[in-house]
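Please read the following report alongside the sequence and the coordinates. It turns from a surface patch to the strands and then to a charged pair.

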Amino acid sequence: MPNEFLVKNGLISQGNVTVTGSLTTSQGDIIVNYNSTSSNSVFRTFATNHAVGNRNASLAFGLYDGALTAMTVVNTASSSPSFNSQYISFATHEGGISVGERMRITPLGNVGIGTINPTATLQIVGSVLATSFTGSLSGSITNALTASY
């Protein structure tokens with residue numbers, strides 16, 4: 001691709017030309033294909049797909065203000081030993097409260113809020129406040145004061 005840049009070990013290169021310096025901006029945004037209707041991607045790639053050495057690599061988009069809060073894609077071991085899988089972690093920070101992972105989407109698509117190991121499509125550890133629930137109910141309701149359906 002003619003407009004593709006590679007960043008490796010802090011160095012930027014385009015084609016066969018390497019720029020000595022790192023990708024740093026102190027006065028603005030990093031903009032990908034401004035005002036274009038074409039698709040754009042920012043991703044991390046590996047020389048060997050699914051290699052054990054790729055595990056625990058990550059790519060984060062976030063903010064650092066005393067602590068890193070970010071959406072992070074993490075490469076991890078798959079349930080199949082020949083492959084790797086990815087999960088998405090969401091970390092937040094509230095003033096004097098320590099930073100931490102608050103939500104995770106697992107490689108199987110389960111979403112956990114307050115847990116990093118959700119075993120259902122949506123698992124919430126903590127209180128849920130809602131004005132209504134719609135849809136059919138299967139299973140049981142526990143610890144509810146009243147239920148109407």
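On the surface, I113, L122, I124, V128 and F133 make up a nonpolar patch whose accessible area together is about 490 Å². Patches of this kind take residues with over 30% relative accessible area and no salt bridge, nonpolar side chains (Val, Leu, Ile, Met, Phe, Trp, Tyr) being joined within 5 Å, and the areas come from the Shrake-Rupley method with a 1.4 Å probe, only the protein chains shown counting as cover for residues. This is a predicted model, in which local features need pLDDT of at least 70 and side-chain atom pairs count only at pLDDT 80 or more, while totals for chains, interfaces and linings use all residues. Residues are numbered from 1 along each chain as its sequence is written, and side-chain values use heavy atoms, with hydrogens and water left out.

Strand β8 belongs to an open sheet of 6 strands, ordered β4-β5-β6-β7-β8-β9 with mixed pairing, where two strands pair if DSSP finds at least two bridges between them. Because β4 and β9 (122-124) each have a single partner strand, they stand at the edges, and one side of each is left without a neighbour in the sheet. On average, neighbouring strands of this sheet are turned by 20° against each other, direction ignored; the axes behind this angle are lines fitted to C-alpha atoms.

| Strand pair | Bridges | Residues opposite each other |
|---|---|---|
| β4 (residues 58-64) and β5 (residues 68-77) | 7 bridges | A60 and T72 |
| β5 and β6 (residues 84-94) | 7 bridges | T72 and S89 |

The hairpin of β4 and β5 has 3 residues between the strands, and G66 in this hairpin takes a positive phi near 95°, whereas the hairpin from β5 to β6 runs through 6 residues.

Further along, strand β7 (residues 97-105) holds G100, which is buried at 16% relative accessibility. Leaving aside residues up to four places away in sequence, G100 touches F90, A91 and T92, contact meaning heavy atoms within 4.5 Å. The C-alpha atoms of G100 and A70 are 9.8 Å apart in space, although the two residues are 30 residues apart in sequence.

Which residue forms a salt bridge with E101? The partner is R104, with the closest N and O atoms 2.7 Å apart, where a salt bridge requires a side-chain nitrogen of Lys or Arg within 4 Å of a carboxyl oxygen of Asp or Glu. By this rule the count is 1 salt bridge. E101 is partly exposed at a relative accessible area of 28%, while R104, at 11% relative accessibility, is buried.

Key
Helices (H or I, at least four residues) and strands (E, at least two) are DSSP runs, numbered from the N terminus. Buried means under 20% relative accessible area, exposed over 50%, partly exposed in between (1.4 Å probe, protein chains only). Axes are lines fitted to C-alpha atoms, for helices over the stretch in contact, and angles run from 0 to 180 degrees between N-to-C directions. Patches are made of residues with over 30% relative accessible area and no salt bridge: like charges are joined within 9 Å, nonpolar side chains (Val, Leu, Ile, Met, Phe, Trp, Tyr) within 5 Å.
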